[in-house]
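Subject: Structure for your files

Dear colleague,

Here is the structure we spoke about, with my notes below it. Please read them with the model open.

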Amino acid sequence: MKIKRFKRFRRLAAAAIAALALGAGTARADWPERPVTIVVPFAAGQTGDMIARMVGKELEIKFGKAFIVENRPGSGGRIGTTYVARAKPDGYTLLMTSTGPYAITPALYPRDTRYDPVKDFVGIAETASTPQVIAVSNGSGIVDFADMVKRAKAKDLSYGSAGNGSLQHLTMELLKKEIGFPMVHVPFKGSAESKTALIANTLEATSDSLPPLLTSIKAKQIKAIAVVDDKRSSYIPDVPTVGELGYPKLSAVAFFGLVAPQGTPKEIVDALNREVIAMFKTPAFQEQMRAQALTPPAERTPEQFSAYLAEEVARWKKVVEQAKVTVD
């Protein structure tokens, strides 16, 4: 009698598990059944925010549900990133991340960062990138990158950045370490302020991503002298890379990408990856990217993108440690 009851229990348990699996499969196949939120850990109007809105608009068309961009700024991107790390991994909360909050912040604020970028997230797809560019003021008299290095070795030169521990700051520290030239760091509250100082000739050099600098470069208000990447930018094709100039082949590229909480169903991650890659191949979307001076993303699977993100986290952690960066 006990054996019969046990067999009956086992059959019922197997049926229940099968039903749950079927239900889960159906729910994933029907995703999304309601609006999806894309969290941006910075204020509206910044590059990541603009990318999120462009991507969200296209995903709405593809999936037939609203993709709502929600800005959760603060603490260098930690507030919004932590929120998504703790969100339910059901595909309804995504994060538009970038180099700063994902790869640099955890190394700068190990005690205050409440998320592990490698363990708490799964990569969906890269959405854009942009190289760091070294630019100088017209009043500095610097003619090229070699001249800047030469002058820096001969006398004190200053460079500005978007703040202590920013990608702009770390890019210059990386160059200083590899090439061996001293420069005084002048941290500003953001890229706009450092660019303004450069135009006003109160600052001699800066490192920044291309989008905020391009208009001023084109207007000849400032001069771009090097691209910190392994290839030239199509937006400023006449500006050489540091590798071409005979210095170490270094790369400091700001990435932007879509990630989800770890545990998000693979079917959802794969579906989003396919649609993001497809949209970036369309002429209309490529034109939007050009308007923002952004480099189209590399075509990677979720697994490849996750591996790339892990590499970036490890690389910038090493830069922070070697540069002995301190934050106020």
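Predicted model: local features only at pLDDT ≥ 70, side-chain atom pairs only at ≥ 80, totals over all residues.

Residues are numbered from 1 along each chain as its sequence is written, and side-chain values use heavy atoms, with hydrogens and water left out.

Strands around E1

E1 covers residues 36–40, and E2 covers residues 67–71. Helices and strands here are DSSP runs numbered from the N terminus (H or I, at least four residues, for helices; E, at least two, for strands). The two strands pair in the parallel sense over 5 bridges, where pairing requires that DSSP finds at least two bridges between the strands. With helix H2 (residues 47–63), E1 and E2 make a right-handed β-α-β unit; right-handed means that, with the strands pointing away from the viewer, the path from the first strand over the helix to the second runs clockwise.

E1 also pairs in the parallel sense with strand E3 (residues 93–98), over 3 bridges. In E3, Ile38 has Leu94 as its bridge partner.

Strands around E4

Strand E4 (121–137) is largely enclosed by the rest of the structure, because 17 of its 17 residues are buried.
- E9, joined to E4 by 9 bridges, with Ser129 opposite Phe255.
- E8, joined to E4 by 6 bridges, with Val133 opposite Val227.
- E7 (residues 205–209), joined to E4 by 5 bridges, with Ser207 as the bridge partner of Ile134.

Val228 is found in E8 and counts as buried at 0% relative accessibility. Its C-alpha atom is separated by 7.5 Å from that of Val253, 25 residues apart along the chain.

Nonpolar core

The largest nonpolar core has 45 residues, and Ile134, Phe145, Met148, Leu175 and Met183 have the most contacts inside it. Such a core is a set of buried Ala, Val, Leu, Ile, Met, Phe, Trp, Tyr and Cys residues joined through side-chain atoms within 4.5 Å. Elements that give two or more residues to this core include helix H3 (78–85), helix H5 (145–154), E4, strand E8 (222–228) and strand E9 (253–261). H11 gives the most, with 7 residues.

Pockets and cavity

Rolling a probe the size of a water molecule over the atoms shows where empty space is left. On a 1 Å grid over the protein atoms alone, a cavity is a set of points where a 1.4 Å probe fits but cannot get out; a pocket is an open set with protein on both sides within 12 Å along at least five of seven lines, and lining residues have an atom within 4 Å of a point. Grid points are joined across faces, edges and corners, and a volume is the space filled by probe spheres set on the points.

About 1100 Å³ of space lies in the largest pocket. Its lining has 44 residues, and Phe42, Gln46, Ala162, Ser166 and Gln168 are the closest to its centre. H4 supplies the largest share of that lining, 6 residues. By class, the lining divides into 18 nonpolar, 21 polar and 5 charged residues (Ala, Val, Leu, Ile, Met, Phe, Trp, Tyr, Cys and Pro count as nonpolar, Asp, Glu, Lys and Arg as charged, and the others, Gly among them, as polar).

The second largest pocket holds about 420 Å³. Of its 25 lining residues, Ser129, Asp229, Lys231, Val253 and Thr295 lie nearest its centre. E4 gives the most to this lining, with 4 residues. The classes here are 9 nonpolar, 7 polar and 9 charged.

The search of the whole structure finds 1 cavity of 30 Å³ or more. Glu173, Leu174, Lys177, Val319, Gln322 and Ala323 line the largest cavity, with helix H6 (167–180) and helix H11 (302–323) each supplying at least two residues of the lining.

Regards

Definitions and conventions
Buried < 20%, exposed > 50% of the residue type's maximum accessible area, 1.4 Å probe, protein only.
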